[in-house]
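Keep the viewer open as you read.

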Amino acid sequence: MPVNYFPAEFEVLRNYDKCISCRACERQCANEVHYYDADFGKMLAHENQCVDCQRCVCICPTGALKIRPNENSFRKSANYTQPLMTEAYRQAGTGSVLLSSMGTPKDYPVYWDKILLNASQVTNPPIDPLREPMETRVFLGKKPTQMKFDKNGELDTTLEPSLTLNVPIMFSAMSYGSISKNAHESLARAAEGLGTFYNTGEGGLHKDFYKYGANTIVQVASGRFGVHKDYLNAGAAIEIKMGQGAKPGIGGHLPGEKIKEDVAHTRMIPRGTDAISPAPHHDIYSIEDLRQLIFSVKEATEYKKPVIVKIAAVHNVAAIASGVARSGADIIAIDGFRGGTGAAPTRIRDNVGIPIELALAAVDGRLRHEGIRNEVSIVAAGSIRCSSDAVKAIALGADAVYIATPALLAMGCHLCRSCHTGKCNWGIATQNPELVKRLNPDIAYKRLVNLVTAWNHEIQEIMGGMGINSIEALRGNRLMLRGIGLTEKELQILGILHAGE
Amino acid sequence: MKINAENMSFRELNEKIRASRGRRVEIENMLGQRYTGSGCTGKDIHISGIPGNALGAYLTGCDITVYGNAQDAVGDAMNDGTITIHGNVGDAAGYGMRDGKILVKGSAGYRAGIHMKEYMEKKPLMVIGGKTGDFLAEYQAGGRIIVLGIGYEKQCPVGDFCCTGMHGGVMYIRTEHAPELPAQVLCEDADKADIKAIKADVELFAKKFGYDAEELLNAHFYKLTPNTSNPYRRLYVNN
């Protein structure tokens, strides 16, 4: 008998009083967990294939299903935990690198939850956003540092190219390939409806989505997939991806199985071949080299579009951002280590990088100190989970935030963290046509619009409570923040006082 | 149209090229201006002097001829057209190029042809007359790279770490000395069919730079291709 070294991670609990053996769960599960056993005359489950995506639970017409963690437990150890032991068994069986998806589930400090917001009382009264105008429009790009006049003494009003966001929230990069065409369509239409931007990721831009170009950020990464002149000119801005919060220092690898016809066409690589993004850009070894790539895309687009440089939050992020700000970039996106991914080696995802809160505060502080904060806008990314996280990010110094995981949640994702398997039962992180059609873009885009609209209302209410009526007045306004349960050092890095001070 | 590039900024130079009416543009006294022809379409650019980095980046159907040496990042992510260099070329030539041709009479620096790729009828070509530095064709995913090693017959004309991570495309090296290669790359003696496959490419090179194609082809070539057993598939286990 072969030995199974580790048990199924989840238990499928089926209430047979409720189950009518309609087999909907069986049809809905791409992992082939559920099956009908004719001999027993009832539904059974291969529990070891379950990833806890909750699709069957949500679809079961009689509410007969529950998925919960397997209660079987290895002998408890605070040091050698069950996941660590299971991972050792997996690797001993295969000799392979552990691959995971989405943001790290590990229990690292979430500083958003240790920062409290201010509100006005008595003096400087709160503002009711339902009654008074409340400005959440944001302009991203270089800001002029001095006034210039022409020969006739007229003020020079030409500005560097910029992005105008009606809400301080954009959808961050998710490539076509890692997510489905319907998911991309939903993001594109939602960005258009909201007056903000979505990001192609590094997989190129599908021909059907060029029409959303005014609300599109096109990405150039080390693999240069689908990058050509029309692509660069299709979007409102160009993002050069240097790193990603979930996997700083490594590249990407989209397995050949996900490279179906349409993805192959968009990435411009043969069908079924692995799409490998090298860890570095092989033409960038310095800030000067980065400047060269920035200006080569600016030349190719005739200086009409702002260039974003996306970097992962790593130990020296402030110094790196200072270099990026001097390299000619218009916008810096900083991606914290709790951010999501379609696939990353587990050990990298769970151990490399630093939290966005600390990185953002350090970068904003450094750029201000050096007098170059106006040279760039800052976009914070990497686990902005709700509107109050966004408000705290802006008060720490961000101009706007990128969200991706909340956008996936709006489309139905239940964070089972199995994107890399390509069997997403919600039709998001898959290229299987049967699964993709489960995601209806007509519904999903409205849910995305709803989510961001709701967040924007909440941002306005929080700002109103502070007595602030413009997002410009919130940006970098750290007086609106207080730490709770943080050390002196953490408060110093965040540049905020402790609650009660 | 003739442009005297002396003391001209790269931005002004590129604006002049874009604004020029005719197809033919002659640039004289070029001294290190970058991004020449970046994203350019429908021009035939002739350069005297030394162009700066990122010559012909994102090139889309232009011909660029340099009567001398070129610097780094020539033809970065280029899509179509031909870049002809009558001298040597710097580092990172043809990075991520998808189509078009880069022909270099002399040698190439480090990291030439990295992540060259192909798609359907788009098949890029790079021919290097002399030798190349290290890291040639890392991550090659498609297209053809031909290294002729002219003048370097007594040594292997490619540097170390050639073809690391190669997973598509093909490379031909005109030499008796096989390079050291990773296990994932197959190195074979080119046969008659292979020589026939690169005949037109070598003839084009010979015509541009005044060589005898017959003579160049009448030599031993190695043919490098990715080993079909995918080296990356077994790298990961779902967790």
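A crossing is left-handed if the near helix is turned anticlockwise from the far one by less than a right angle, and right-handed if clockwise. Helices (H or I, at least four residues) and strands (E, at least two) are DSSP runs, numbered from the N terminus. Helix 8 of chain A crosses helix 10 of chain A in the right-handed sense.

This is a predicted model, in which local features need pLDDT of at least 70, side-chain atom pairs count only at pLDDT 80 or more, and totals for chains, interfaces and linings use all residues. Residues are numbered from 1 along each chain as its sequence is written, chains are lettered from A and ligands numbered from 1 in the order in which they are written, and side-chain values use heavy atoms, with hydrogens and water left out.

**Helix pairs**

Axes are lines fitted to C-alpha atoms, for helices over the stretch in contact, and angles run from 0 to 180 degrees between N-to-C directions.

| Helix pair (chain A) | Axis distance | Angle |
|---|---|---|
| Helix 8 (residues 317–325) and helix 10 (residues 356–369) | 8 Å | about 50 degrees |
| Helix 11 (residues 387–396) and helix 14 (residues 441–466) | within 9 Å | roughly 55 degrees |

Angles under 35 degrees count as roughly parallel, over 145 as roughly antiparallel, 65 to 115 as roughly perpendicular and the rest as oblique. Helix 11 of chain A is therefore oblique to helix 14 of chain A. Their crossing is right-handed.

Contact means heavy atoms within 4.5 Å. In helix 11 of chain A, S387(A), S388(A), A390(A) and V391(A) touch residues of helix 14 of chain A, including W455(A) and E458(A).

**Between the chains**

How many residues does each chain bring to the contact? Chain B gives 40 and chain A gives 51. The area buried between chain B and chain A is about 3,900 Å². Buried area is the accessible area (1.4 Å probe) that two parts lose on being put together, summed over both. Carbon and sulfur atoms give 54% of it. On the chain B side, Y58(B), Y119(B) and N239(B) lose the most area to chain A, together 20% of what that side buries.

**Salt bridges**

A salt bridge is a side-chain nitrogen of Lys or Arg within 4 Å of a carboxyl oxygen of Asp or Glu. Three salt bridges span the interface of chain B and chain A. E302(A) and R18(B) form a salt bridge, at 3.7 Å from N to O. Over all chains, the structure holds 38. One of them joins R68(A) and E11(A) at 3.9 Å, N to O. R68(A) lies in strand 4 (residues 65–69) of chain A and E11(A) in strand 1 (residues 10–14) of chain A, so this pair links parts 57 residues apart in sequence.
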